[in-house]
Amino acid sequence: MRAFFRFTLAAASGAAVYYSYEPHGLWFAAIIGIALFSFALAPWPSTWSRWIGPASGARPGPSGGFGALLGFTHALFCYLYLLPWIGEFVGTMPYVALAIACAVYAIPTGIFGVFAARHRWGFAVFPLIYLAVEWARSSFPFGGFPWVRLAWGQINGPLANLAAYGGPAFVTLATMLVGCGVVALLFRHRVAGAVAVIAPLTLGLLAQIGVGTERGVVDEVTASAVQGNVPRMGLDFNAQRRAVLANHVNETIALAESGANPDIVIWPENSSDVNPFTDPEAAALIDVAVQRIDAPVLVGTLTRDEVGQRNTMVVFDPDTGAGDYHHKKYLQPFGEYMPMRDFFRNFSEYVDMAGDFKPGNGNGVVDMRDIRVGIATCYEVAVDEAYRTAVRNGATILATPTNNATFGFTDMTYQQLAMSRMRAIETDRAVIVAATSGVSAIVHPDGSVSQQTDIFTPAHLTEDLPLKDTRTPAVLIGRYLEWIAVAAGFAAMIAAWAASRRGYDAKKRPNNQHPKEL
């Protein structure tokens, strides 16, 4: 019976964490979910036996093996809810396979979480263990999958402000500490548990004072985002591409006719999937838009060089033509490229739907009439070093050009917007989000959204935004702080296992009593 309750709690905890992500955005749901998960891993009092059955086994609480199941269940129930947008393009099987693959990483979270929970201060150690596993999931293999980080669900709460000091890793750590602290407060270590709950939330509220201030403002820019929208049906593949380009040209002309006078204009990723460097008609259409708006326009297109096919953002200036460019550096595995293609072809027919793009190696910055714009194209916004590198290389404002049209009316675009908002806080920069079909948005350095579009609607946004030269602790040393915390997490795994092993060996000796649970 206890096993059933633990399993139920683990499943419910994953579902609760899901509701913290956009478009739901209930940041406190993640804290509730982590508290339930932590409780599921912990020993329970023997006095509860009359309701949920007696404890079993030589150890108090669940075994490491059952902890593995609990960790997997917690993650699977979260990711099955979080990632259906992937199935919009490739079908149900690959989406479920990805959710399962991500959940497998949580097996050590459950195992070592059980070991840590057997000890008085385990609630303070478990967040480090969770972060170490999250780092591994976000890094390996093939660059990992950082889309499912716990931090993204905190964008509407006070803990998001900690991103300026340690990036999403600090936000994940703080969220875990609050959730685990709730359990400690209620059942085990009330004073320390109260500190674990109150301290991160207080620090988050205090951090808000320094987020998005006027400090570091060097100038102001009038920036526009153009959302041309995409045809939904009725055209062949090549005609679809040309229609998308025409839509963005027409919306840019509408922007000019509105009386707006932007200094820079951001088009989305894939806004011109017809390569203007090899297709004169596409080049002429882009030039019409650029001349009409009379400002440099950042255009998303597909290019090819001696290395191979590139996903490229190119600046087109009305006076000087094509200029700076950004080849997408952080490509989405199994989407924009297919690792081990021949091997995976044995398991799925979807393999050959993946692209064969090659990553760039630039500094993440393009010059638009002396305005240094940092670029993270679509999936890159989930990767820490994309915008951090851009800011270290002089970016004073950021842009997230993205193409979400493939994923229809799913949650994907809202989840991605939350990442751009957290990157704004992390880097102390305004972010212009330009999407082919929505949601496009204007994000301020404090993470707030002043304007956004409806999905699958042609639109344009224009606003005066600050240019800033500040460098937050997250930009300067965030990766080193994360490495330290992750190393502490792996050390905590070893220490928790060793301490648990010593406790188990001691119990096997004569005249030893089982310690009280919780």
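Phenylalanine 334 sits in the loop that joins β5 (321–327) to α13 (341–344); helices (H or I, at least four residues) and strands (E, at least two) are DSSP runs, numbered from the N terminus. The model is predicted, and local features need pLDDT of at least 70, side-chain atom pairs count only at pLDDT 80 or more, while totals for chains, interfaces and linings use all residues. Residues are numbered from 1 along each chain as its sequence is written, and side-chain values use heavy atoms, with hydrogens and water left out.

With a relative accessible area of 41%, phenylalanine 334 is partly exposed, a class between buried (under 20%) and exposed (over 50%), for a 1.4 Å probe and protein chains only.

Six strands form an open sheet of mixed pairing in the order β6-β7-β8-β9-β10-β11, where pairing requires at least two DSSP bridges between two strands. At its edges are β6 (365–368) and β11 (449–452), each pairing on one side only. From one strand to the next, the twist averages 25°. Four bridges link β6 and β7 (residues 371–375) in the antiparallel sense, and methionine 368 stands opposite isoleucine 371 in β7.

Two helices lie across these strands. Helix α14 (residues 384–392) lies across β6, β7, β8 (397–402) and β9 (431–435), running at about 145° to β8. Helix α15 (residues 412–427) lies across β8, β9, β10 (441–443) and β11, at about 25° to β10. Angles run from 0 to 180 degrees between N-to-C directions, with axes fitted to C-alpha atoms, for helices over the stretch in contact; contact means heavy atoms within 4.5 Å.
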